[in-house]
Amino acid sequence: MSVMELADRLIVVTGASSGLGRALAVELAEREGAHLLICARREDRLHMLQADILARTGARVQVLRTDLSRATERRALLDTLAQDETVFGLINNAGMTRYGPMVFADIDEFHAVMELNLTAVVELSLGFVEVLKRRGEGFLLNVTSEAAFVPTPYQGFYSTTKHGVQAFTDALRMEYRRSPFFVGTFVPGGIRTDMITSSGLDRRIPRDSRVNMTAEKAAAACVRGLKRRRALTVPGMLNRINHALTRLLPREWVLRAAERLYRPPAGGNGSG
Ligand SMILES: NC(=O)c1ccc[n+]([C@@H]2O[C@H](COP(=O)([O-])OP(=O)(O)OC[C@H]3O[C@@H](n4cnc5c(N)ncnc54)[C@H](OP(=O)(O)O)[C@@H]3O)[C@@H](O)[C@H]2O)c1
């Protein structure tokens, strides 16, 4: 199958105000010549990114302030995608985590992670597949994580949502495997982004640790995998080895190693 051409295509990136989403927007516009609709809650950051990209490329960049934890705002985004005949692809990238033992969490924290990482992704995916079916081309790409394959102690809510999105997207991909459009997942390991610091995970694994890759490198790998229509793209050799090993080794060993890796530092309960 030929490589997917993204030049002059309009691509929607959620969670584009920072981290991986921002890097994806830059990669798509600057390297691929794509046009963008960038979404997040922090509109000021989206406008700064828009100006940054416009200064360096001829891309068209639209900004949409949206809170994807709200059902009404998700529906409004879907209406926009359904009405705009030129939307080619959607990257569901917005996400959050919570670090610390689950028993210390307020149940509202569980609901917040579920709503953004799982409910929003499922709703936007289902709505966008309807758009792709009508158009007969394009793509849906959902960002999951290695935490979609290894249950992750002290990030249990996050890991639960990522397992859910991986399973949902794989099932959806199979339902539409004979379709002319593409459905896939991007499965990163650690990336040096605000998520690591805002969740407090950096107390265990520093944001700039060598095990975390830069957002730019992750974004480049993501777009390469997308263009080749890879059902599942894992960026970087270290992550690919890790991904393979975690499926070969006994599950209990893998779980224990994950518990040791993420165990909150002594003296803190990791609950923030
Ligand atoms: N960093 C890692 O180590 C890592 C590893 C594996 C997978 N990932 C995945 O990569 C994706 C991007 O995360 P990141 O690491 O780049 O983190 P990040 O820098 O914290 O970015 C998260 C993005 O999501 C947006 N967002 C958060 N809540 C939102 C809401 N209610 N409505 C709309 N947008 C919202 C944020 O924008 P606003 O705050 O402006 O709304 C921001 O742009 C996530 O799906 C994450 O699970 C990250």
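The buried residues of helix 4 pack against helix 3 (71-83), strand 4 (87-92), strand 5 (139-143) and helix 5 (156-175). This is a predicted model, where local features need pLDDT of at least 70, side-chain atom pairs count only at pLDDT 80 or more, and totals for chains, interfaces and linings use all residues. Residues are numbered from 1 along each chain as its sequence is written.

A few terms first. Helices (H or I, at least four residues) and strands (E, at least two) are DSSP runs, numbered from the N terminus. A residue is buried if 20 or more other C-beta atoms, placed from the backbone, lie within 10 Å of its own, exposed if 12 or fewer, and partly exposed in between. Contact puts two such C-beta atoms within 7 Å.

Among the buried residues of helix 4 are Val 113, Leu 116 and Phe 128. Just after helix 4, Gly 136 takes a positive phi of about 70 degrees.

Now for the core: buried Ala, Val, Leu, Ile, Met, Phe, Trp, Tyr and Cys residues joined through C-beta atoms within 7 Å. The largest one has 69 residues, and Ile 11, Val 13, Ala 25, Leu 36 and Ile 38 touch the most other members. Helix 4 gives the largest share of this core, eight residues.

| Residue | Contacts |
|---|---|
| Val 13 | Gly 21, Leu 24, Ala 25, Leu 36, Ile 38, Cys 39, Ile 91, Asn 93 |
| Ile 205 | Gly 190, Val 211 |

Ile 205 sits in the loop between helix 6 (194-198) and helix 7 (215-227). Ile 205 counts as partly exposed because it has 15 C-beta neighbours inside 10 Å.

Terms used
Lists of a residue's contacts leave out its neighbours within four places in sequence.
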